[in-house]
Amino acid sequence: MFFARGFAFIALMIALTSCAAPMILTPTRAPIAPTALPTPQATPFVEVALFGESGQGALTTAVGNTITVTLAFRPSQRTVLRASDGTPTTVTTDWKNHTVAQMRYCIGQGCALTTEWLAFAERVNMRVPVDWVGLREYSITAQFRDANGANIPAGFALSESATRALPITGIVDERTPNAARPPALQTVVTHAQNEFPVVGKLQVGERPIAGGKAGTRLDIKVKFEAVSPRGDVKEMRVKLDRLGRCLTPDEMQDARWEPFAAEKIYPVTIAINWQSFRAHVQYRDAAGNLSPVYCGEIAIEGMP
């Protein structure tokens, strides 16, 4: 019996020893601190824009007129922000307490800056005589510096659409006899009339603004009118393009010719808020003579 009890005691001790799990000490790790992002640096510059006096992004006027062009200069700061995953975002804000002191500028095709520096101003109006027929892109060249003569870059905001060039289209007003124009303009008009003898017009919509419920259909009536001293006007080509100026004849090349019509209906699906419907047309008479490109637009307000 003693042998049996001793054997049982030994067996119990072996079982307890085999069941005890070994203790493993895992070292405690300190929490990983997030990587600190660098402090974003703001890059100062002067945003430049060019537009019509009333804010138009494109101008059309008769040859011989003088129009007002507005130059706008906005001291700004461009900052590149990065999210925790490194994704960059560019933000443009006003440059408060800016140090822009002087500027010089010019507008036109291939204009040259003068050596004269002027006191900085955020807005300047310039008078431009329109002595051409057709489209010209008026761009702006400008330089800026602070009171110590250090250069301040000029540029355009990435977060907003700034006008880099102002399209100005000169047209011939047929109500003015060519003999009443100055000799230089007589030559310009005569050349244009020889190149595009067909004269016409375009009316988009019954009034400047239309509206309706967003998602519904709106029919836009467009009226066409053209005459030619060299034959009947037989054809026209129409292009719907939202570009804020009249297209050039070259830009109308991909529009197909169709029989002339006094009016046509174009359906539009109304979008929420505001949208614009813009049409461009060029006419052709029976002898193949062309007209300039005429354009017109209507603003459409979409309501919920």
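Q: What kind of model is it, and how are the residues numbered?
A: The model is predicted, so to speak of its basis: local features need pLDDT of at least 70, side-chain atom pairs count only at pLDDT 80 or more, and totals for chains, interfaces and linings use all residues. Where does it lie?
A: N97 is in the loop between β4 (88-94) and β5 (102-107). Strands here are DSSP runs of E with at least two residues, helices are runs of H or I with at least four, and both are numbered from the N terminus.

Q: What is the phi of N97?
A: Phi of N97 is near 55°, which is positive in a residue other than glycine. Most residues other than glycine have a negative phi.

Q: What about N273, which phi does that have?
A: N273 is not a glycine either, and its phi is positive at about 70°. N273 is placed in strand β18 (residues 273-285).

Q: Overall now. How many helices and strands are there in the protein chain?
A: The protein chain has two helices and 19 strands.

Q: And how much of the chain is buried?
A: Buried residues account for 34% of the 304 residues in the protein chain. The accessible surface of the chain is about 18900 Å², and 56% of that belongs to carbon and sulfur atoms. These areas come from the Shrake-Rupley method with a 1.4 Å probe, and for residues only the protein chains shown count as cover.

Q: Sheets next. What is the strand order in the open sheet of five strands?
A: The order is β13-β19-β18-β15-β16, and the pairing is mixed. The edge strands are β13 (209-213) and β16 (258-259), each of which pairs on one side only. Two strands pair if DSSP finds at least two bridges between them.

Q: Are β13 and β19 parallel or antiparallel?
A: β13 and β19 (residues 294-303) run parallel and are joined by five bridges. A210 has I300 in β19 as its bridge partner.

Q: And β18 with β19, in which sense do they pair?
A: β18 and β19 pair in the antiparallel sense, over nine bridges. Q275 stands opposite I300 in β19.

Q: How many bridges between β15 and β18?
A: Seven, and β15 and β18 pair in the antiparallel sense. M236 stands opposite Y283 in β18.

Q: How many disulfides does the structure hold?
A: One. The disulfide joins C246 to C295, with S to S at 1.9 Å; a disulfide is a pair of cysteine sulfur atoms within 2.5 Å.

Q: Which parts of the chain does the pair link?
A: Distant parts: C246 is in the loop between β15 (233-240) and β16, C295 is in strand β19, and the two are 49 residues apart. The link of C246 and C295 is left-handed, with -80° about the S-S bond.

Q: Are C246 and C295 buried or exposed?
A: C246 and C295 are both buried.

Q: What does L135 touch?
A: Not counting residues up to four places away in sequence, L135 touches P167, I168, T169, R245, C246 and T248. L135 lies in strand β8 (residues 134-145) and counts as partly exposed at 27% relative accessibility. The C-alpha atoms of L135 and G170 are separated by 6.6 Å, with the two residues 35 apart along the chain.

Q: And T248, which residues is that in contact with?
A: Leaving aside neighbours within four places in sequence, T248 is in contact with L135 and V293. T248 lies in the loop between β15 and β16 and, at 22% relative accessibility, counts as partly exposed.

Q: Last topic, helix α2. What is its span?
A: Helix α2 (residues 183-195) has 13 residues and reaches 19 Å from its first C-alpha to its last, close to the 18 Å expected at 1.5 Å a residue. The expected span is 1.5 Å times one less than the number of residues.

Q: Which residues of α2 are buried?
A: In α2, L185, V189 and A192 are buried. Seen down the axis of α2, the buried residues fall within an arc of 60°, so they line one face of the helix. That arc is taken from the directions from the helix axis to the C-beta atoms.

Q: What does the face of α2 turned away from the buried side carry?
A: That face carries the exposed residues P183, A184, T187 and H191.

Definitions and conventions. Residues numbered from 1 in each chain as written. Heavy atoms only, no water. Buried < 20%, exposed > 50% of the residue type's maximum accessible area, 1.4 Å probe, protein only. Contact = heavy atoms within 4.5 Å.
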